[in-house]
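Hi,

Here is the structure I promised to send over. Have a look first, and then read on for what turned up in it.

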4 protein chains.
Amino acid sequence: MSAHIATLLVACPDRKGLVASLAQVLYGHGANILDSDQHTDPIASMFFQRLRFDLSSLTTDRVSLENGIREVGARFAMEWRLSYGERVRKVAIFASKLEHCLYDLLIRHRAGELACEIAMVISNHADAEPIARHFGVPFHHVPVTAETKEAAEAAAHELIAAAGVELIVLARYMQILSPGFVARYPASIINIHHSFLPAFVGANPYRQAYEKGVKMIGATSHYVTADLDQGPIIEQGTVRSSHRDSVDDLVRKGRDLEKRVLAQAVRDHLEDRILVYAGKTVVFD
Amino acid sequence: MSAHIATLLVACPDRKGLVASLAQVLYGHGANILDSDQHTDPIASMFFQRLRFDLSSLTTDRVSLENGIREVGARFAMEWRLSYGERVRKVAIFASKLEHCLYDLLIRHRAGELACEIAMVISNHADAEPIARHFGVPFHHVPVTAETKEAAEAAAHELIAAAGVELIVLARYMQILSPGFVARYPASIINIHHSFLPAFVGANPYRQAYEKGVKMIGATSHYVTADLDQGPIIEQGTVRSSHRDSVDDLVRKGRDLEKRVLAQAVRDHLEDRILVYAGKTVVFD
Amino acid sequence: MSAHIATLLVACPDRKGLVASLAQVLYGHGANILDSDQHTDPIASMFFQRLRFDLSSLTTDRVSLENGIREVGARFAMEWRLSYGERVRKVAIFASKLEHCLYDLLIRHRAGELACEIAMVISNHADAEPIARHFGVPFHHVPVTAETKEAAEAAAHELIAAAGVELIVLARYMQILSPGFVARYPASIINIHHSFLPAFVGANPYRQAYEKGVKMIGATSHYVTADLDQGPIIEQGTVRSSHRDSVDDLVRKGRDLEKRVLAQAVRDHLEDRILVYAGKTVVFD
Amino acid sequence: MSAHIATLLVACPDRKGLVASLAQVLYGHGANILDSDQHTDPIASMFFQRLRFDLSSLTTDRVSLENGIREVGARFAMEWRLSYGERVRKVAIFASKLEHCLYDLLIRHRAGELACEIAMVISNHADAEPIARHFGVPFHHVPVTAETKEAAEAAAHELIAAAGVELIVLARYMQILSPGFVARYPASIINIHHSFLPAFVGANPYRQAYEKGVKMIGATSHYVTADLDQGPIIEQGTVRSSHRDSVDDLVRKGRDLEKRVLAQAVRDHLEDRILVYAGKTVVFD
């Protein structure tokens, strides 16, 4: 994203004058609004907005602009987040043996689809090392057993903190993160679950789907919370299946879904399109 | 379907020589195979086949052909069903207040999409009467209350039996049929559930979907069994939803899915494409 | 749509301050913005916005509000259109022998999906009369031959003008409208073409698709312009096909697409979601 | 695919007794049919069948079986092709600068999705060398200019012939192959075109799509023939687009389609699912 573009994400109780106040403060500082998308949840009486604007015509400076936004934010009890295009976020990918999502994210990053720096790949298996190396990404092998889980999470946390990682992507990472670890990264860990949640929670969703005889399978990307497979859903996809599909066929078909659905969620996150509230998400498109 | 076309559906334990024996008996009587589709479930070790053939070149007669099939069937312990194209099956549609699936089936029938006779519409509300009348279909108003449920089902059964109905389609029929009623029509009652089963069983699936914040909604057609929402799935469909969709929007989007998914299931059934085993279906396409 | 809701559609050359000025004028009159969606085309350097707002909290009156918008509109050289929720637009459906789109629109209207009044059905065949009557919609039989085309269009125009129709929907209407007729209704005639335009323009697209052996078929709704099948595309849909599909099967599968794609376009139009520029459309969702 | 599985593909004029004769000859030699799929084109009066069978129970030997099939084939004027599961076909991938399809095929192959040996990657750019090397696949840099085209094609042909390559996959290969080269590999070169053919033939289909303002984009895999972009279509896919999508966005969305659609075609080819006739394909699923 160009350095002179900024994105503002806002959530607050709905009130009259919100749109005008935000537009006014941006205009007052000379920012040119490129995109604005807004959602009002009439049941929760909540207001959400995403604004993208050009800073190159700013008549004041960033500090003044931020002060202006802060003032409006305080007036309307807003939660807000301002991101500057030149600030490249750091991402850590957690992987296990399955490599399709890992490859997919690295290839998309290389093609310029993901505006971030892949700061590291962490895996509980050494197999992913050549893959990370091929893409020039640091690799850390952090094995996990029932006994070493706590230490492993501490090691991972240390690596992440040292690098300034802001987003963790679980690319079919087969370990369950502890509530303590998860609590450190609210709305900052994205997982891909290989089913159409809330159908087929838990282990072996493709086998569950096979046994149920469903005619479509799905994949779901979501933020990780302490409740397994229950975090706010970001993106979902489905594809047809039939009696001809063995469990292996479903696994193969599912890989395509998982890659696409996970990458879309990561992309939405990195482009500041997602707001979380009431256990679900607003994803501006 | 043309009168001279017949369809044979077969299910049996897998054994060598099945395909050859069936092809041979048809050829031996002069039938010309137009389509054949086969599936072997290697786990259940079961064999399934659907054969469509032309009888106009028959060198013997139907009785001889059926005897031939019966002999092969006995040899391989087959369950089989032979349908002649000229035999038009009778269908009863059960409806309540929601009319979109009812309209849809009647319009598709009129357009020639459903090879059957719509023998009657039965509804627990009188509202559907003008619709049935518009399409020239007999209408029966059979109100249902907690007290009269048994009598209402008996009345419905009598109407169905008298007319020789072979398939019951629940077109968003809002009453739960008793296990006794269901047991009378094995694999002969098709329901449409307004969710992507097994997600969101029970009441108000669109509200459940809204509260969960899913990014796709679905619909599922299935044979009705004594276990509510658990019968063998015939067809499913999904469509994208977003934070912008209210429950009413999901209901509206869902109507399109429900119509399409239910009609496809009815069509598959009428074209003898469906075999049920192990709580799921083979649907030849 | 509720009477106290208004929708403002705006198109103009892109300039700084547009969003703020519009938001400010609405806020200044006490209107509460419910939704706002914006698009900037950086190549054409054009700005587009759709604003939905609540008038029930208006501190002035509609005349003042409109004057305010007019003033801003003049300042930024805007084309703009303001629609009040209580004003129900009148729609004329043109049909021929094929009835699926006609039925579909009438059923959706009855279900409350289309915020309009279906003022009339005009057909060059009498067959649609019972359908219109069933839904309580006036029907006009206007036969068309090569010789009577001009007179027929004049008759249609008279009916439409007398009723105050603002949108004409060609529901598989099999006559080509003259450039003169089309010119009278810019961006106000919606057609459904039974292919994935620009593939398979002209007659018999399903036959063309069959002969080409495509693996998906499509449908396209578009505004009608003097260039046949070339008007701005509003909505498209596709569905899989295969070697098993005869032309008749494609026609059947296509009906579902046509209904859905046409209805979506009509809905988008009636909800003031569409802006036309440079031969294509912005459709706010 | 297991070594004891064979696949028989058959095409011939339709006649009575075809299915029985083929089933009989397989049964007579002790082969156990696992899958059979059949299609009759009533217009062309052509018969197509795909049979997969288990050879482990063969009571004669392969030579006898082939003789038996040959005899039936001659009787019915069949074109037929018999493939043994243990024979691993060799594939050459042609690539240029764009690497997404190349990566995709190599990753799928590594995951066991493509039953073949990737014998080599040939590219007119050196960039792909590290990619091929990462996957342990031989790489050949064969630059192409207008002047050297003939020599380059000769060099490529030599490499292919020496390695015994049976399938060439153009993974976004940006050179047009000469009719002479193409003629050497009938139904053995698979290309991916980045549009929903026959829409947007030729160069820059994403730009064409952008300018036309379509609401869906597509990708098409097809066998290469002397007529550019006109070969028999194997697989197609589509995805929604909108006014928000720049040409770059369409390119990005298209990459996902291209990967999936090309891989599916390659997979179908390698599993002997495709028959070509009358400029189009039968693809058994």
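A salt bridge here is a side-chain nitrogen of Lys or Arg within 4 Å of a carboxyl oxygen of Asp or Glu. By that rule Glu235(A) forms a salt bridge with Arg240(B), with the closest N and O atoms 2.9 Å apart. Before you read too much into that, keep in mind that this is a predicted model.

Chains A and B

That pair sits in a contact that takes 33 residues from chain A and 33 residues from chain B. Together the two chains bury about 3,000 Å², and carbon and sulfur atoms account for 52% of it. On the chain A side, the residues that lose the most area to chain B are Lys212(A), Lys215(A) and His243(A), which together make up 22% of what that side buries.

For the polar side of things, the rule finds 4 salt bridges across this interface, and there are 17 residue pairs in polar contact, both residues at pLDDT 80 or more. Which elements of chain A touch chain B? Strand E2 (32-41), H7, strand E11 (233-240) and strand E13 (280-283) of chain A each supply at least two residues. E11(A) gives the most, with 7 residues. By class, this side of chain A has 14 nonpolar, 9 polar and 10 charged residues.

H7(A) deserves a look of its own. In this helix, residues 205-212, the buried residues are Pro205(A), Tyr206(A), Ala209(A), Tyr210(A) and Lys212(A). Within chain A they pack against strand E9 (189-193), strand E10 (216-223) and helix H8 (247-270), and in chain B against strand E2 (32-41), strand E11 (233-240) and strand E13 (280-283). Just after the helix comes Gly213(A), with a positive phi of about 75 degrees.

Chains C and A

Here the contact takes 22 residues from each of chain C and chain A. The buried area is about 1,800 Å², with 47% of it from carbon and sulfur atoms. Lys16(C), Ser36(C) and Gln38(C) lose the most area in chain C, together 30% of what that side buries.

How many salt bridges does the rule find between chain C and chain A? It finds 0, although 11 residue pairs are in polar contact, both at pLDDT 80 or more. Helix H1 (18-28) and strand E2 (32-41) of chain C each bring at least two residues to the side that touches chain A, and E2(C) gives the most, with 9 residues. That side of chain C divides into 7 nonpolar, 9 polar and 6 charged residues.

H1 in chain B

Helix H1(B), residues 18-28, is mostly covered, with 8 of its 11 residues buried. Among the buried ones are Leu18(B), Leu22(B), Val25(B) and Leu26(B). The buried residues pack against strand E1 (5-13), E2, strand E3 (46-54) and helix H2 (62-75) of chain B, and also against helix H1 (18-28) and strand E2 (32-41) of chain D. Gly30(B) follows the helix and has a positive phi, near 90 degrees.

A hairpin in chain C

Strands E12(C) (residues 274-277) and E13(C) run antiparallel and are joined by 4 bridges. Val276(C) stands opposite Thr281(C) in E13(C). Between the two strands of this hairpin lie 2 residues, and Ala278(C) takes a positive phi near 55 degrees. Is E13(C) covered on one face or both? Both: Lys280(C) and Val282(C) are buried on one side, and Thr281(C) and Val283(C) are buried on the other.

Cheers

Terms used
Residues numbered from 1 in each chain as written. Chains lettered and ligands numbered in written order. Predicted model: local features only at pLDDT ≥ 70, side-chain atom pairs only at ≥ 80, totals over all residues. Heavy atoms only, no water. Buried < 20%, exposed > 50% of the residue type's maximum accessible area, 1.4 Å probe, protein only. Pairing = 2+ DSSP bridges. Contact = heavy atoms within 4.5 Å. Buried area = accessible area lost by both parts, 1.4 Å probe. Polar contact = N/O pair within 3.5 Å; in protein donor to acceptor, adjacent residues only side chain to side chain. Nonpolar A, V, L, I, M, F, W, Y, C, P; charged D, E, K, R; others polar.
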